[in-house]
Amino acid sequence: MAEAVVSFVVERMGDLLIQKAVFLKGVRSQVERLLEELKRMQCFLKDADARQEEDERVRNWVSEIRNAAYDAEDIVDIFIRNAETKHSIFKKWMDLNKIGKEIEAIQIRIQDVSKSRVTYGITNIGEATNSASKMLMKLRQSSPRIEDQGIVGLQNDTNQLVERLLRKDQRRTVVSIVGMGGIGKTTLAKKVYNDRRVVDHFQYCRAWVYVSLDCKPRDIFQRIINQISLSSECEAERTEKLQEDELRDFLHDFLMEKRYLVVFDDLWKSEDWKYVPNAFPRESNGSRLLLTTRNKDVALHADPLSVHHTIQLLSANESWKLFCRTAFPGDDPESCPPELRELGEKMVGKCAGLPLAIVVLGGLLSRKKKTPTGWAKALNNIGVHLSGGKDGVDAMLNLSFIDLPPYLKSCFLYFSLFPDDHVISVRKICRLWVAEGFIPQQDGRSMEDMAEDYLNELIDRNLVQMVRMSTNERVRECRIHDLARDFSIKKAKEERFAEIQQSIASVHSTSSSTNWRRHGIFSDFERYASNKHSTPHLRSLLFFKLDDKSCQVSRLDFVYKCFKLLRVIDFDGVEIGSMPSSFGKLIHLRYLGLSYTGLETLPTSIGNLRSLQTLDARCVKNVPNVIWKMENLRHLLVDGRTDDMPLKIDTLRNLQTLSGIRFKEWGDNNSSKLTALRKLKIQGKFKLERVKFSDSIAKLENLQSLSLDIQSFPSNRFTSKERSPFFTMNSWLHLYKMVMKGPIVRLPAAHEFPPSLTQLTLEGSQMDTDPMPILGNLPKLSTLRLRTGSYHGMIMQVSSSGFLQLKKLQISDLHQLKQIYIEKGGMPRLAQFQIIEVYCSIYGLNHLSHLHEVDVSINASRFPLIDGLEVFPGLPKWVLPLMSSSDWHRTWRHTGENKGVIHFCRK
């Protein structure tokens, strides 16, 4: 992690030399010499980071370097703050002289730390491999002959994988099992490897090799040969003397004309795989290579044409069964005493479906007395029990953490700031990473796009979980497994990266520490605000509202008084009374989150926040016309304003997101200057010339998403003059997503829509004519949402050639709709169908062969719930086949009083 810290400081201070050249020119040479010294240290840090787990001397040495890097960053940030806020030339000269001496002192510190390597006996950093990791890998080394006992929940996975290994496809294929550490990849691979069907199919030519982080191709080839070759002792001695390429060729020749299965357990890196495949003939005889990995990228690299198999976490029922089998070995799997069941279920819940954690927990309790007191004590210390030991959860996760490149380590640890089970907006966390400085600037790519790539890599490495994906296959929401979060919290504390306050009891420990760079605050906000803080170098402050109770911070004076170097502050959903003008002095601030805080007015001093990149002021009623001064602003969200103050925004050349601007303000600004704009939401009464407005949108060559919220009129029905006209849109070439709210005269013809449109939402359109014939001809449309008041008719009809690319259809709150007809051939790719608060008949649903998910709302006052989900009297006929079919799994969720949604998912 020290490598990541030093890399970050070097990158940031290099940027400051360019961006703040005026302030730093007097000490430029000292800063450059300091950067060179830090760069020299980087070459030692990668291996030192790994070795500090086992050697306290290395740990202290790494800590000294990290602290020096942090201190260097603090010195420069404090100097820049003073330089930008002080006007006295004499005071600026004094500060310049002071920073020069402090930088030189830091440089001497780093040189002394470098020399101390020899004093500490740390002379082989860069040459040695982390022996602790080696020991752990040795402990974990797998053998197919030792099958795990008490396996739960893998039978379907086993059958699917066996079918793939035995299918008639004669191409030599790679089948990959992917999942996070401890989820059971090796257990599943063993079960498949020893399955009688697999043994019979690959007779006499099966091999199993354990790879892990220390991948040596020659050793892999030798171990395979030892398992499949019945060579004489003399020949075995000869192969032992072969070089890697000779051994590879020997293995290749031996496998010719044979049907083989080789398992590669625990493969970590794509680059390790490139040395392996050439040893295995590509003959068309149905041979298979089976690998397990934590990294989806490894699976894709091994065989781009093969779909990898992802293991899912255990269900609550499966988790309990596995726990009982390990906690009560030899007994009836359901033999947990009644007085222990509640405690047991709470502990199993903490494991969140991760088999390794459940087995560790069950093994621990199997050796303890089966009493409520003993189990209650175990519950209170469950974090220690699950993480500890060389085969515990933390050990598994630490291997994944060590394997992360430096640029991902800070991104992963950032999840420690978020609450337990918190669903995180991808858009938000990417903006936070950019504001923190984790994402480098590269020509031709936005930092937000790179941040999204970083997140996807963490997901591919199974350290972060995808929660929701858009129809264009971009991750929209994510979360982190509870145990991975616990690990990240510990690691963040070790590295001075972050600390969280989860309860009143932790307030004092948080406030007393001087080292933390970031705080996550989950409760007792008022006490946190009133404490005496001794963390002057804090960079980030994130507040989280965890329940529906009123959460507030009445006074914010403490923020600037205690934390003058803040880059990020987020009050999302926490009620704040007012914002003091001192916020305008936080000149390093890059992210300011004020959404849904009840704040009435922003102070005019926020115009001084020239470094601000994201201002989320949704539902702030009064926003002063000073936003135009924030020339680094990238994301501006001001939905919900009630003031009449017009905003000037055409100076914001870096703006990518603009949400909440009014139509009149849009017309008054020179919008052609907003060349970086990618997402735009305009609202209010439309009083612009149609052609002029259409042209203004057409000039935004980077615009991808447009939302037009045209203010409705008070009456329920509209004359054609009162309805807002549609616009000429076929010149909006790059727009792929559009939301249109408000009444319209008519839909334009299909060729008049944006040519790249893939997502369309209509709401309050008040159309009397069926929109499906026109919308069905949009060539790229993949998502269509028809919401409240978009259509007043009683019938919708999808033609046999309509919606050829549509994957998701949502129809909601169209109360006059009675019938939907889907002709055979229509919507051939539809996978998701949501029909919410619409009670109509649907014909032709059986033609949709790709349909995978169906959501249908139920009004329990009209259709009373009887015996769970078994009977709904009066349900529409089109739902009944889904209810009775064994091909569909169904669940029920309440959405309000007497209301709910049945979710059908094809098995």
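Ser 319, Trp 320 and Phe 323 in helix α15 meet Arg 341, Gly 344, Glu 345 and Val 348 in helix α16, where contact means heavy atoms within 4.5 Å. By class, this contact of α15 with α16 has three nonpolar, two polar and two charged residues. Here Ala, Val, Leu, Ile, Met, Phe, Trp, Tyr, Cys and Pro count as nonpolar, Asp, Glu, Lys and Arg as charged, and the others, Gly among them, as polar.

This is a predicted model, in which local features need pLDDT of at least 70 and side-chain atom pairs count only at pLDDT 80 or more, while totals for chains, interfaces and linings use all residues. Residues are numbered from 1 along each chain as its sequence is written, and side-chain values use heavy atoms, with hydrogens and water left out.

Next, the cores. The largest nonpolar core has 111 residues, and Phe 558, Leu 615, Trp 666 and Leu 680 have the most contacts inside it. A nonpolar core is a set of buried Ala, Val, Leu, Ile, Met, Phe, Trp, Tyr and Cys residues joined through side-chain atoms within 4.5 Å; buried is under 20% relative accessible area, exposed over 50%, and partly exposed in between, with a 1.4 Å probe and protein chains only. Helix α27, residues 557–562, gives the most to this core, with four residues. Helices are DSSP runs of H or I, at least four residues, and strands are runs of E, at least two, numbered from the N terminus. Apart from this core lies another, of 94 residues, including Leu 379 and Phe 497.

Last, helix α21, residues 406–413: six of its eight residues are buried, so α21 is largely enclosed by the rest of the structure. Among them are Lys 409 and Phe 412.
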